[in-house]
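Work through the exercises below with the sequence and the model side by side. Try each task before reading its solution.

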Amino acid sequence: MNKKTAELLNAQVNKELYSAYLYLGISKFFSRQNLPGFASWYKVQAEEEQEHAMKIYDYLLDEGEDVELSEIAAVKFIPKDALEAVKEADRHEHYITAEIEKIMDAAVKAKDYRTQLFLNWFITEQAEEEKNSGDMCAKVEILGNSAKDLWHLDRELSSRK
Ligand code: FEO
């Protein structure tokens with residue numbers, strides 16, 4: 001594999017694990033706000049992010065590349081309210097989309113067709129991730145910020161497995 005593409009994929013393993021960590025932080029925030037449905041939704045999201053990291057990890061190893069297990073950054077983000085929490089998740093998903101697109105650009109430039117095929121799954125996934133995070137922002141914006149405003153939505157969100 002082209003060196004730049006391998007480096008970007010390596011870095012993305014770390015970024016997906018950081019995403020899991022960020023969502024765990026958001027889940028914790030909602031737990032402490034007495035919104036267990038939101039907390040559970042973001043905990044499931046954190047698990048999904050670990051799966052994304054493992055997909056890339058396995059791909060690199062299958063392709064005969066090494067995987068550098070570098071330090072995962074601390075989560076510094078402390079939401080002041082529910083809207084700030086869901087907006088940060090949305091902002092983060094747009095950032096991740098841009099990072100995936102950078103890897104795709106490198107794979108295209110290197111004529112690495114296999115990695116392009118592998119990344120197609122992530123391109124599709126990011127469309128879904130952005131849709132979900134955008135919808136969540138819209139709902140919280142409409143309903144309001146307090147646990148009382150979000151009570152019904154909280155119950156609905158607890159069904160995500
Ligand atoms: Fe792994 Fe939410 O992107």
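**Exercise 1. Find where H4 bends, and by how much.**

Step 1. The bend at a residue is the angle between axes fitted to the seven residues ending there and the seven starting there. In H4 this angle is about 30° at Leu119. Helices here are DSSP runs (H or I, at least four residues), numbered from the N terminus.

Step 2. This is a predicted model: local features need pLDDT of at least 70, side-chain atom pairs count only at pLDDT 80 or more, and totals for chains, interfaces and linings use all residues. Residues are numbered from 1 along each chain as its sequence is written, and side-chain values use heavy atoms, leaving out hydrogens and water.

**Exercise 2. Work out which helices the buried residues of H4 pack against.**

Step 1. List buried residues (under 20% relative accessible area, 1.4 Å probe, protein chains only). Among them in H4 are Leu119, Phe122, Met136, Cys137 and Val140.

Step 2. Look for contacts (heavy atoms within 4.5 Å). The partners are H1, H2, H3 and H5.

**Exercise 3. Trace what Val86 touches.**

Step 1. Skip residues up to four places away in sequence. Val86 then touches Phe30, Phe38, Tyr42, Met136, Cys137 and Val140.

Step 2. A nonpolar core is a set of buried Ala, Val, Leu, Ile, Met, Phe, Trp, Tyr and Cys residues joined through side-chain atoms within 4.5 Å. The largest has 23 residues; Ile26, Phe30, Phe38, Tyr42 and Val86 touch the most other members.

Step 3. Find the main contributor. H1 gives the largest share, six residues.

Key
Buried < 20%, exposed > 50% of the residue type's maximum accessible area, 1.4 Å probe, protein only. Helix = DSSP H or I, 4+ residues; strand = E, 2+ residues; numbered from the N terminus.
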